[in-house]
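Trainee: Could you take me through how the parts of this model meet one another?

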Amino acid sequence: MLPLVVNQLGKSYGSHQVVRDLTFTASPGRVTGFLGPNGAGKSTTMKILLDLAAADHGTARIGDRRYRDLPDPARTVGVVLEPDAFHPGRSGRNHLRVLADISGFSLQRIDEVLELVGLTDAAHRRVGAYSLGMRQRLCLAAALLGDPPVLVLDEPGNGLDPQGIHDLRAVLRDRAAQGHTIFVSSHLLAEVELLADDLVVVDKGRLVTSGALDDLKQAAVMVRSPRAEDLAVRLVAAGGAVETGDAPETLTVRGLTTDLIGDLAHNAGIALHELASGAGSLEEMFLRWTGDEAQATSRRSRLIPTAVTTRKEVVS
Amino acid sequence: MRWIRKVRSELRKLTTTKMPFAFLGVIVLLAAVTGAAVIWGTDMDGSKGFIATAADQRSLMAFAGNAMMGAALFGAVAVAREFGHGTVVPTFLASPRRASTVTAQVVAVLLAGALLSIIGAILIVGSVAIALQFTEYGFLVSTGGVVRVIVASSLTGAAGGAFGAGIGALIRNVGGAVTVVVGLLFISPPMLIQLVPESVEWIPSSLAWSISGVLTEPGVPAAIAAVALWALVPVLAGLTVTLRRDVV
């Protein structure tokens, strides 16, 4: 049971700060989705975790060890990182044999993982002739060679067809159920929503939010009322953070429970046409989390009342 | 045991692409050209003085200088392309102790450089021996002389491979690494001799000829030590940079 523990991690390239005091944990037995817009610092964080890049400060450990101190890294952590990290003239099987040689895996194990990712028939072909999806399958095969209890995957669904994505999801869910630690970065938010138990969201190198996906989804309340503006003022006064939606009568409220909002509306004589917990889809939440920095700051402290904002402002 | 596995993995990297066969092709071509030169070539005066004595023939067969240059190019391409193709990433993931991984890489390229150079020397010797049958001269080099030519090629080839591997790790770009190898081993030595005439004995081609027995100065031990030093400096530089720099 090996958690991934990132603590106060920082990394700059020149004057550009890529990762800023990042702290989070990815737990065993859970699939943790690692989300953020392009340039948010996800890949850099993964590279530091895997000792491919050095942190300026802070630590990133697998269990209680740095990656380089693991006694048998390939049997501990499986990695999908660079989708094109192949020699184009080498066959898929030989690519795996090179890796198997280093770690002492058998030829039988190579056949097993090729079968698992559906590449047996193409294994003898040179990788340069592979499609993106086939290269991604080969990456997954390499990651699974050592049957590791930890998987660190950067965009593992890239280029996979629907069946491939379905199979990948099944493999990852199965491994998480066995107590493995699965840490997945992806831009396919709908896929993450189906796959992840926990989320770590970063933007501009900073942690925006983290926690169980279900909790994050329940952390907001959707309200629809013909007097939404009046209600919004009262909700802010009561300590809630309120955003108006695309429809003028719709509000998203954070920091207040459905009971409290219902009572408050009732006491003010404001009719409610809808009152439901839930922050919307992961895509909607992601767009709110990774809006401009001022908005992100207000969202991080969602229990602190702020001004009423519109979702259009957040998105823009 | 684990380190031997790393060397085996690096050797497999080298043997599962077409690059060694491309270098072998160049060696075969060189041997053919040398044989053709023996049959049809002449000196400026129209004579065949360049194959008239045992010393002349040994000089013609002394492949060690070419071996060092060729193996250095081989090593530079082999290591720099690892970074270019990104295959260094899975390597360092499977084996994150960079010092031992880079050392295994250098050893593999060194062995490959030595092997290619031995093959090159044997092909050149064979080519000259066959070509001499079509001239009025016999094969005059002693067995000991032939063995020395081949051993010298293996030593300089090994050193060249290590030299190239070090440059490849330092530059991390195939084009840049090849350019630096050519600059250091081919272009800069004549310039160095112009600036410091005493350095003539210590440039790679002179050292290779000394080990092959074509030149007498510097002595063989000193020449071997100097060739090793030529290889060691870029290897240490490449290793230091690899330890300090981010992989990607």
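Trainee: How far apart do the C-alpha centres of domain 1 of chain A and domain 2 of chain A lie?

Mentor: This is a predicted model, in which local features need pLDDT of at least 70 and side-chain atom pairs count only at pLDDT 80 or more, whereas totals for chains, interfaces and linings use all residues. Residues are numbered from 1 along each chain as its sequence is written, and chains are lettered from A and ligands numbered from 1 in the order in which they are written. Chain A is divided into domain 1 (4-215) and domain 2 (219-315), with bounds that come from an automatic or database domain assignment. Between the C-alpha centres of these two domains of chain A the distance is 36 Å.

Trainee: Which element supplies the largest share of the side of domain 1 of chain A that touches domain 2 of chain A?

Mentor: The contact (C-beta atoms, placed from the backbone, within 7 Å) takes 12 residues from domain 1 of chain A and 10 residues from domain 2 of chain A. Helix H7 (189-195), strand E8 (198-203) and strand E9 (206-212) of chain A each give two or more residues to the domain 1 side; helices (H or I, at least four residues) and strands (E, at least two) are DSSP runs, numbered from the N terminus. The largest share, 3 residues, comes from H7(A).

Methods:
Contact = placed C-beta atoms within 7 Å.
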